[in-house]
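I opened my notebook today to look around a protein model. Here is what I looked up, one entry at a time.

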Amino acid sequence: VETLTKESATMAGGDVVPFDYCIVATGGSYGDGAIWKARPDELTAAARKAGFEAEHKALEGCSNVVVAGTGLVGCEIAGEIKAAYPDKNVTLIGNQLCPSITRKQAARRANALQKLGVNVKEGAGRITTEPVNGKITTDKGTTVDCDKLYAATGFKFNAGFAKDLLALDDLGRIKTQDSLQAEGLDNIFVAGDIIAVPPGKVAHIAGGQFAEATCPIVAANLISLAAGSTKLKTYKWPSGPGPVGPFGTNMGWKVCILDGMLDSVLPAWARDKMGVSFKNKTFWLDTGFDVKGLGRGTTWGRSK
């Protein structure tokens, strides 16, 4: 879709598709330079592997590592690098630490990073340039030593085609009514990651879970409107924690902060120990538990 009006969508080839109702569920995509996104020349498994090996070699030859982006992924990257290379100076820099979870949960991750020796600069601003002469500066004027930069700044939301019609927040997400209709427009609905999260609320961390939570509301309301009813369901925003079910943040082979699993029953240290077994060690592999896709905290180096 190139442009969207209240009654039609214009496609890239020039075709105009009229509609009575429209659902915008365009989500987002990782920005260029994000470390988990393959480069244009990494189109095969062999090329991707070679890229990882080159990245390891480059990392080993530097002293001051900066991770830009203070979300959950940024925490994992900074923690795993510091755990694998304890002699390197590792700085995590950005705005709010882990905005998708509660402040108590974010503080647990900050504490774990600081114990590892990571320099956490929350609120220092965004990094938008490459290092120059061994230094890098944020948009708020904070300067740190840097000879290796990793971008962990997450999604770029795909709503530019509708910027002249729909109200967007400062991240480029679409503002909605409680019914998940677009703000000011009753025949356009919004679902998934592209929905603007209201102040004081959180979205589900995993995009699939956010889609599964919002799509039934959109579907029910669309059916009601099409049937001539004005009685619509409202989406109940969680105030925290964001995810459905447990989530763990790996920070090396021996460190994992786990929340959302038996929080009211087990103390934090016990949950974290479970997180290490789930995601970092071989316990669950040895017992036949399926851990495919969970990760094991060995991105940056093997355990000793």
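This is a predicted model: local features need pLDDT of at least 70, side-chain atom pairs count only at pLDDT 80 or more; totals for chains, interfaces and linings use all residues.

**Entry 1: two loop residues**

I began with C98, which is found in the loop between β7 and α3 (103-116). Helices (H or I, at least four residues) and strands (E, at least two) are DSSP runs, numbered from the N terminus. I read the phi of C98 as near 50 degrees, a positive value in a residue other than glycine. Is C98 buried or exposed? I found C98 buried, because its relative accessibility is 0%. Buried means under 20% relative accessible area, exposed means over 50%, and partly exposed lies in between (1.4 Å probe, protein chains only).

Then I turned to N133, in the loop between β8 (119-121) and β9 (135-137). Its phi is near 55 degrees, again a positive value in a residue other than glycine. N133 has a relative accessible area of 77%, so I noted it as exposed.

Residues are numbered from 1 along each chain as its sequence is written, and side-chain values use heavy atoms, with hydrogens and water left out.

pLDDT is the predictor's confidence in each residue, from 0 to 100. I found a mean of 84 for the protein, with 86% of its residues at 70 or more. Where is confidence lowest, and where highest? It is lowest in helix α6 (residues 283-286), at a mean of 46, and highest in strand β7 (residues 89-93), at 97. Over residues 283-295 pLDDT stays under 50, and the model has 13 contacts there beyond four places in sequence. Contact means heavy atoms within 4.5 Å.

**Entry 2: N64**

I found N64 in strand β6 (residues 64-68). N64 counts as buried because its relative accessibility is 17%. Its side chain joins that of N89 through a polar contact of 2.8 Å. A polar contact is a pair of N or O atoms within 3.5 Å; within protein, one must be able to donate a hydrogen and the other to accept it, and residues adjacent in sequence count only if both atoms are side-chain atoms. Leaving aside neighbours within four places in sequence, N64 is in contact with N89, D145, C146, D147 and K148.

**Entry 3: a sheet**

I traced an open sheet of 3 strands, in the order β1-β2-β3, with antiparallel pairing. β1 (3-4) and β3 (16-18) stand at the edges with a single partner strand each, so one side of each has no neighbour in the sheet. Two strands pair if DSSP finds at least two bridges between them. Strand β2 (residues 8-10) and β3 pair over 3 bridges, and T10 has V16 in β3 as its bridge partner.
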